[in-house]
Amino acid sequence: TPTERPLRKPRWIRAQSHTQPGVQRIKRVLREQRLHTVCEEASCPNLGECFAHGTATFMIMGDICTRRCPFCDVAHGRPNPLDPDEPRHLAETIEALGLRYVVITSVDRDDLRDGGAGHFVACIESIRERTPQARIEILVPDFRGRMDIALEIMRAAPPDVFNHNLETVPRLYRKARPGADYQWSLDLLEMFRERHPGIPTKSGLMLGIGETREELLEVLRDLRAHGCEMLTLGQYLQPSRHHLPVERYLDPEEFDELGDRAREMGFRQVASGPMVRSSYHADQQAHEIVAD
Ligand code: SF4
Ligand code: SF4
């Protein structure tokens, strides 16, 4: 039975801290350039740490999503038209902040014919022009119904790492990822890999929303069977009382053990821990397998 009152957070779940030096500076630059970050929009608990290290996950194509996943804190509704200046603003910001590894993601744009793939390409090209040394990871939506078109468009400027999160086990998709499909997401990872065999693919899940261990291990096997080489596993945290409740807090040892299992299955890079997010220490995760 689902818990009625929220579970108490265990001691290993750190509170947010936005007070580190560097955080205010980055926030100011982001405001000036009218850019959005997942770090802020999704109330990521690592914000203080990541910003202080000069890492951020940019959210392109606006901050309003066409879907409504009950675990997610991003606003939903009718999105704004694409900002043609965004690729330039993004590239200028990355240069100004001296970032060497950037993660770019987006809300779902089911309203766009290419799902936003063209805008991803414009952003990558603009960044490569200005800061060719920066490594780029993209964390993409599932391009529902437009997967082929999106992948063909993205051939023009592939990223250094291609990330798409499965988020949870297939049984919980209807509850946690309405509008998404487990097999499509696996297919997207595999189809990218077929087109770009040299570029690692990455995926992640949030744990503690009701999945069983066996279901999780099955997902990891599926990811490996679809060529995925990088993995993130983190604890789901409820952004507010109105979001999907946490069913269970896994302890740090359990995350360590799951990480070990994933490595045994052949993942080349695994980040597994309560505070791990898809883009947490993404630079370090990629360091080992992305050539300089
Ligand atoms: Fe941003 Fe990712 Fe760090 Fe969270 S983990 S603050 S989303 S870069
Ligand atoms: Fe949030 Fe992504 Fe779901 Fe949109 S598709 S609601 S951004 S998790």
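This is a predicted model: local features need pLDDT of at least 70, side-chain atom pairs count only at pLDDT 80 or more; totals for chains, interfaces and linings use all residues.
Ground rules. Local features need pLDDT of at least 70, side-chain atom pairs count only at pLDDT 80 or more, and totals for chains, interfaces and linings use all residues. Residues are numbered from 1 along each chain as written, chains are lettered from A and ligands numbered from 1 in written order, and side-chain values use heavy atoms, without hydrogens and water.

Start with the sheet. It is open, has 8 strands and mixed pairing, and runs E1-E2-E5-E6-E7-E8-E9-E10. Strands are DSSP runs of at least two residues, helices (H or I) of at least four, numbered from the N terminus. Pairing takes at least two DSSP bridges. E1 (36-37) and E10 (269-272) are the edges; each has a single partner strand, so one side of each lacks a neighbour in the sheet. E2 (57-60) and E5 (101-106) run parallel, joined by 4 bridges. There, Phe58 stands opposite Ile104.

Now helix H9, residues 213-225. Which of its residues are buried? Glu215, Leu216, Leu217, Val219, Leu220 and Leu223. Buried means under 20% relative accessible area, with a 1.4 Å probe and protein chains only. They pack against helices H8 (182-195) and H10 (252-265), and strands E8 (201-207) and E9 (230-235). Contact here is heavy atoms within 4.5 Å. Just after H9, Gly227 has a positive phi of about 85°.

Last, ligand 1. Around it sit Cys39, Cys44, Asn46, Leu47, Cys50, Thr57, Arg277, Ser279 and Tyr280, each with a heavy atom within 4 Å. The shell counts 5 nonpolar, 3 polar and 1 charged residues. Cys and Tyr count as nonpolar in this scheme.

Definitions and conventions
The expected span of a helix is 1.5 Å times one less than its number of residues. Buried means under 20% relative accessible area, exposed over 50%, partly exposed in between (1.4 Å probe, protein chains only).
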